[in-house]
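Please read the following explanation alongside the sequence and the coordinates. It goes from the overall order of elements to the helix packing, and then to a few individual residues.

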Amino acid sequence: MGWRPVTSDPRLYVRLAKRLREQVGDMKPGDMMPSIAVLAEQAGMSRNTAGKAMRLLDGEGLIAGSRGACYVVAGEEPTLYGKLAATMRGQIQDGTYKPGDRMPSKPELRATAGVALGTAMHALRILAAEGLLVMVPGRGYHVRDDFIPPDPPAGR
């Protein structure tokens with residue numbers, strides 16, 4: 001696989017995580033991910049940055065592993081917070097939640113999605129780490145004002 005250096009975002013790990021998400025989609029559960037050292041070299045970034053990308057995907061439930069151990073593609077069932085984050089990511093990208101909109105609070109997510117507060121918090125933090133949400137103290141998570149939804153696929 002030919003990697004190009006990632007340079008256009010100050011949060012390089014978010015860009016790398018996006019590429020890795022696509023790669024994981026073509027893999028089977030149990031397949032080994034490249035090591036953090038290999039990813040860092042291929043992507044032209046530090047090991048710390050590559051590690052943050054891997055931990056982001058681990059938090060989403062797409063891969064499993066731990067520091068000092070190899071990461072593998074997770075099994076068929078992603079984590080509950082990973083599923084919730086994926087659902088909310090889709091709602092942001094399809095315009096259900098627009099730039100500046102307040103996302104449901106943790107208690108609201110507990111009631112509507114039937115998840116624990118910790119699960120809701122983890123999902124919101126994943127989206128914030130990806131740069132989709134910002135935390136406004138005392139007001140909760142909001143879609144970034146400068147978020148631009150992706151263009152719909154051709155033919156729609």
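**From fold to residues**

Read from the N terminus on, the elements of the protein chain follow the order α-α-α-β-β-α-α-α-β-β, which amounts to six helices and four strands. The model is a predicted one, and what follows should be read with that in mind. Of the 156 residues of the protein chain, 35% count as buried. Among the contacts between residues at least 6 apart in sequence, 54% join residues that are at least 24 apart.

Two packed helices are described by the angle between their axes and the distance between the axes. For helix α2 (residues 36-43) and helix α3 (residues 47-60), the angle is about 115° and the axes are 8 Å apart, so that α2 is roughly perpendicular to α3. The crossing in which α2 passes α3 is right-handed. On the α2 side the contact is made by I36, A37, L39 and A40, and on the α3 side by R47, A50, G51 and M54. By class, the residues of this contact of α2 with α3 divide into six nonpolar, one polar and one charged.

Helix α3 also meets helix α6, and here the axes come within 10 Å and cross at roughly 150°. The two helices, α3 and α6, are therefore roughly antiparallel to each other, and their crossing is left-handed. The contact is made by L56, G59 and E60 of α3 with H122, I126 and A129 of α6, a set of residues that divides into three nonpolar, two polar and one charged.

The partner of α6 in another pairing is helix α4, and the axes of α4 and α6 come within 8 Å and cross at roughly 50°. That angle makes α4 oblique to α6, and α4 passes α6 in a right-handed crossing. From α4 the contact draws on L80, Y81, L84, A85, M88, R89 and I92, and from α6 on T119, A120, H122, A123, L124, I126 and L127. The contact of α4 with α6 has eleven nonpolar, two polar and one charged residues.

At 4% relative accessibility E60 counts as buried, because the cut-off for buried is under 20%. When its neighbours within four places in sequence are left aside, E60 is in contact with R21, T79, Y81, G82, R89, I126 and E130.

In the loop between α3 and β1 lies G61, which, at 7% relative accessibility, also counts as buried. G61 and V73 are twelve residues apart along the chain, and their C-alpha atoms are separated by 8.9 Å.

Elsewhere, P99 is found in the loop between α4 (80-93) and α5 (106-113), and with 36% relative accessibility P99 counts as partly exposed. Apart from its neighbours within four places in sequence, the residues in contact with P99 are V143, R144, D145 and F147. Of these, F147 is 48 residues away from P99 in sequence, while the two are 5.9 Å apart in space, C-alpha to C-alpha.

One of the contacts of P99, D145, can be viewed from its own side as well. D145 has its place in the segment after β4 (140-143), and at 67% relative accessibility D145 counts as exposed. Not counting residues up to four places away in sequence, D145 touches P99 and G100. The C-alpha atoms of D145 and V134, which are eleven residues apart along the chain, are separated by 8.9 Å.

Note on methods: Residues numbered from 1 in each chain as written. Predicted model: local features only at pLDDT ≥ 70, side-chain atom pairs only at ≥ 80, totals over all residues. Heavy atoms only, no water. Axes fitted to C-alpha atoms, helices over the stretch in contact; angles between N-to-C directions. Parallel < 35°, antiparallel > 145°, perpendicular 65-115°, else oblique. Left-handed = near helix turned anticlockwise from the far one by under 90°. Contact = heavy atoms within 4.5 Å. Nonpolar A, V, L, I, M, F, W, Y, C, P; charged D, E, K, R; others polar. Buried < 20%, exposed > 50% of the residue type's maximum accessible area, 1.4 Å probe, protein only.
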